Amino acid sequence: MSEMAPMGVRVGCRMIRQGDEAHLLPAEARSIAARQPAMRQASGAGRWIAHRLLAELGVDDVAVLRTPSGAPAWPDGITGSLAHDDEMAVAAVAPVGDIRTLGIDVEPALPLPDDIFALVATPADRTNPADRDLAGRILFSAKEAVYKAVYPLDGEVLGYEDITVDLNTGRATTKTGHRARFVYCAAPRVAVLAFVDGEAR
Ligand SMILES: CC(C)(COP(=O)(O)OP(=O)(O)OC[C@H]1O[C@@H](n2cnc3c(N)ncnc32)[C@H](O)[C@@H]1OP(=O)(O)O)[C@@H](O)C(=O)NCCC(=O)NCCS
């Protein structure tokens, strides 16, 4: 994923481990105080990655708070995104510039159940025949990643039907008029990195 990511975007992952909640800085822990232990562990693993990626950009000891909407708050001049499934956490960060916003998602590399696919896919979506069994899962993950990338632009809550994805071209549009691009991998897990660039709206 790092190799596919646009220039300037840093990406990392970590298998979630017992005790990962300890990686939450005190202010981060307070910002997600009401959440279940497994989710705190996952959020801690995500922040562990984010803190390292931010340090690579020269930003040390900054808390990535969870805002009331759920979206993470990044330091001035930086955009980023976090995600986790039951086993893995992922994070991406970039200086704001050519990239305006980022969205990331991770999912187990398993076919998407038919009933979920029916909720997620629209006739306008395009999947990639090369992905066969995982096309539904990748589509689902792409919509989540695109949602996270566009949410900071206007705070609009979108449903799956509001995002149209083309897995062949790596492009997506929203009913709110945003355009995003994305890259993805399907092994060992499905992961999608979406981004809105300076010319994309
Ligand atoms: C954003 C959302 C899709 C995340 O899905 P999820 O499967 O619960 O969780 P993920 O592991 O993929 O991602 C969790 C991370 O997303 C980030 N996140 C949450 N809400 C976000 C938002 N509105 N914008 C950007 N990022 C957000 C957080 O960093 C969170 O990690 P944290 O809790 O450790 O801080 C979900 O929280 C949400 O807001 N859903 C409402 C809208 C929706 O589902 N529409 C259909 C999808 S297009």
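## Starting at V146

Setting aside neighbours within four places in sequence, V146 touches I163, A172, T174, A180, F182 and A194. Keep in mind that this is a predicted model.

## The core around it

V146 belongs to the largest nonpolar core, a set of 23 residues. Along with V165, L167 and F182, V146 is among the residues with the most contacts inside that core. Four elements each bring at least two residues to this core: the helix α4 (135-154) and the strands β5 (163-166), β7 (179-185) and β8 (190-197). The top contributor is α4, which puts in eight residues.

## The overall layout

Zooming out, the protein has four helices and eight strands. Along the sequence they run β-α-α-β-β-β-α-α-β-β-β-β. With a radius of gyration of 16 Å, close to the 17 Å that the globule rule gives for 201 residues, the protein is as compact as a globular protein of that length.

In terms of extent, the C-alpha atoms fill a box of roughly 45 × 35 × 30 Å along the principal axes. As for how the chain meets itself, take contacts between residues at least 6 apart in sequence: 57% of these join residues at least 24 apart.

How much of the protein is buried? Of the 201 residues, 47% count as buried.

Key: Residues are numbered from 1 along each chain as its sequence is written. This is a predicted model: local features need pLDDT of at least 70, side-chain atom pairs count only at pLDDT 80 or more; totals for chains, interfaces and linings use all residues. Side-chain values use heavy atoms; hydrogens and water are left out. The radius of gyration is taken over C-alpha atoms; the globule rule is 2.2 Å times the number of residues to the power 0.38. Buried means under 20% relative accessible area, exposed over 50%, partly exposed in between (1.4 Å probe, protein chains only). Contact means heavy atoms within 4.5 Å. A nonpolar core is a set of buried Ala, Val, Leu, Ile, Met, Phe, Trp, Tyr and Cys residues joined through side-chain atoms within 4.5 Å.
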